[in-house]
Amino acid sequence: HLEFGTGEIDFPPVLRALADVGYRGLVAVELPRHSHAAPSVAATSLDFLRAAERAGAAAGGEPTRAR
């Protein structure tokens, strides 16, 4: 239940792997402990995912089109 970037997951390779297998589904954000700050946490989470997507693409993966 940590915000993106504060845990142990290295997201660029994860997003790159999803793109490599052709995954076209959602990457979602759960806010069980931060529901009071949902707009702020959602915005920073989207920024984090976009940056991780760019890092994964720069490392040789295809973009996953974070929105």
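Two aromatic rings pair if their centres lie within 6.5 Å, and planes over 60 degrees apart make the pair edge-to-face. The views below show a predicted model.

**View 1. Ring pairs join Phe-4, Phe-11 and Phe-48 into a cluster.** Three aromatic pairs are found in a search of the whole structure. In one of them, Phe-4 and Phe-11, the ring centres are 4.8 Å apart. The planes of Phe-4 and Phe-11 stand at 70°, so this pair is edge-to-face. Phe-11 also pairs with Phe-48, again edge-to-face. Here the centres are 5.3 Å apart and the planes of Phe-11 and Phe-48 make an angle of 90°. Phe-11 belongs to helix α1 and Phe-48 to helix α2, so their pair ties together parts that are 37 residues apart in sequence.

View 2. Phe-11 has a relative accessible area of 13% and is buried, because the cut-off for buried is under 20%. Phe-4, at 21%, is partly exposed. Phe-48 is also partly exposed, with a relative accessibility of 25%.

**View 3. Helix α1 crosses helix α2 at roughly 70°.** Helix α1 covers residues 11-20, and helix α2 covers residues 38-58. Their axes come within 8 Å. Angles of 65 to 115 degrees count as roughly perpendicular, and α1 and α2 are therefore roughly perpendicular to each other. Two packed helices are described by the angle between their axes and the distance between the axes.

**View 4. Residues of α1 meet residues of α2.** From α1 come Phe-11, Pro-12, Leu-15 and Arg-16. From α2 come Phe-48, Leu-49, Ala-52, Glu-53, Ala-55 and Gly-56. By class, this contact has seven nonpolar residues, one polar residue and two charged residues. Gly counts as polar, and Gly-56 is on the α2 side of the contact. Phe-11 and Phe-48, both in this contact, also form the edge-to-face pair of View 1.

**View 5. Ser-45 is buried in the model.** This residue is found in helix α2. The relative accessible area of Ser-45 is 4%. A polar atom of the Ser-45 side chain lies 2.7 Å from the backbone oxygen of Val-41. Leaving aside residues up to four places away in sequence, Ser-45 touches Phe-4 and Val-29. Phe-4 is also a member of the ring cluster in View 1.

How values were computed: Residues numbered from 1 in each chain as written. Predicted model: local features only at pLDDT ≥ 70, side-chain atom pairs only at ≥ 80, totals over all residues. Heavy atoms only, no water. Axes fitted to C-alpha atoms, helices over the stretch in contact; angles between N-to-C directions. Helix = DSSP H or I, 4+ residues; strand = E, 2+ residues; numbered from the N terminus. Parallel < 35°, antiparallel > 145°, perpendicular 65-115°, else oblique. Contact = heavy atoms within 4.5 Å. Phe/Tyr/Trp six-rings, centres within 6.5 Å; stacked < 30°, edge-to-face > 60°. Buried < 20%, exposed > 50% of the residue type's maximum accessible area, 1.4 Å probe, protein only. Polar contact = N/O pair within 3.5 Å; in protein donor to acceptor, adjacent residues only side chain to side chain.
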